[in-house]
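Please consider the model displayed here, with attention to its aromatic side chains and to the packing of its helices.

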Amino acid sequence: MSVITSDLAASEAKPSDADMVAQAEAALKEIAAVREALSKVIFGQESVIEKTIVAVLAGGHALLVGVPGLAKTKLVVTLGQVLGLQSNRIQFTPDLMPSDILGSEVMEQDETGRRAFRFIPGPIFAQLLMADEINRASPRTQSALLQSMQEYHVTVAGHRHDLPAPFHVLATQNPLEQEGTYPLPEAQLDRFLMQIDILYPELEAERRILTETTSGSEADVAAVLDPQRLAAIQHLVRRMPVPESVVDAILTLVRSARPGQGNAETDKHVAWGPGPRASQALTLCARARALYDGRLAPSIDDVRALAEPVLQHRMALSFAARAEGMTVRDVVARLTKAI
């Protein structure tokens, strides 16, 4: 991991730039502490940890996709503890109703006999919401998250209720068991900043899992940040400059993934591609990844590294491409090589 050289950067910088460098230095140490705390509990998933932290630093939501037993739930729970966020967990099931997530109004009667409605908040009123197996709930219940994930408030009985800040949804999904599930609609998938695929651990990581999780002792983690400090770092991420070359690379990549934009391979293999929200997500995540690595500005390498998790859930292949055995990852990989 590179280190920000504040003395050199500040020597030719304006006072505001020097202040930003100092803030980045402080944030870098805290991010390193967050990563170290997570590594005590989550073994061998460095890439997953990086992408999850990047999604949170960018102020967005993430969809964690992996088979059971890969510590998806443990990652989210531990992340909430380390970031000092108020966390809630919802186990999505077919019989879950929107009111089970958002809350509901109940009628109460006071001592004088006067009746009035009182809103009882649901579990969505948290700073970090874990939506476990989100695709097991019906579309009606899934849609209860749409407004909250985009507008950071919910509407119940015609009244607006603001969610606590910062607000993040980390949802999990099992790619194997698809019977009796309800695939997320494209509009909801687009609300997730990234789709993070969790693969099986390497041999040595799994060896460590066996030895350290079956011994009867469990690593304790303490809060490294608090909500106010996390919000300050998220604001810092949005202030980071983005070179024009990176902006051009993002636009080239996202637009080349859309049919009808002059890319013959995309026209042949892609049914529909990513919208402008994908460009916004790539820009924010590239900034956050640069800070995560100790840099003050993103590079094209950040765009290449984040192309798959940002784009794969915002695209769909044509029937011919699926018949050929192609995947969205294959298409994204080919497009990424061109930037």
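In this predicted model, Phe-167 counts as buried, with a relative accessibility of 3%. Its ring forms an aromatic pair with that of Tyr-152, the centres being 6.3 Å apart and the planes at 85°, an edge-to-face arrangement. Tyr-152 belongs to the loop between helix 7 (144-151) and strand 6 (153-156), whereas Phe-167 belongs to the loop between strand 7 (159-162) and strand 8 (168-173), so the pair ties together parts that are 15 residues apart in sequence. Tyr-152 is partly exposed, because its relative accessible area of 33% lies between the limits of 20% and 50%.

A search of the whole structure finds two aromatic pairs. Phe-119 and Phe-125 also pair: their ring centres lie 5.8 Å apart, and the angle of 65° between the planes makes the pair edge-to-face, because angles over 60 degrees are assigned to that class. Phe-119 is buried at a relative accessible area of 15%, and Phe-125 is buried at 14%.

The helices may be considered next. Two packed helices are described by the angle between their axes and the distance between the axes. For helix 11 (residues 244-256) and helix 13 (residues 276-292), the axes come within 10 Å and cross at roughly 145°. This crossing of helix 11 and helix 13 is right-handed. Helix 11 contributes Ile-250, Leu-253 and Val-254 to the contact, while helix 13 contributes Ala-278, Ser-279, Leu-282 and Thr-283. Of the residues in this contact, five are nonpolar and two are polar, with no charged residue among them.

Conventions:
Residues numbered from 1 in each chain as written. Predicted model: local features only at pLDDT ≥ 70, side-chain atom pairs only at ≥ 80, totals over all residues. Heavy atoms only, no water. Axes fitted to C-alpha atoms, helices over the stretch in contact; angles between N-to-C directions. Helix = DSSP H or I, 4+ residues; strand = E, 2+ residues; numbered from the N terminus. Left-handed = near helix turned anticlockwise from the far one by under 90°. Contact = heavy atoms within 4.5 Å. Nonpolar A, V, L, I, M, F, W, Y, C, P; charged D, E, K, R; others polar. Phe/Tyr/Trp six-rings, centres within 6.5 Å; stacked < 30°, edge-to-face > 60°. Buried < 20%, exposed > 50% of the residue type's maximum accessible area, 1.4 Å probe, protein only.
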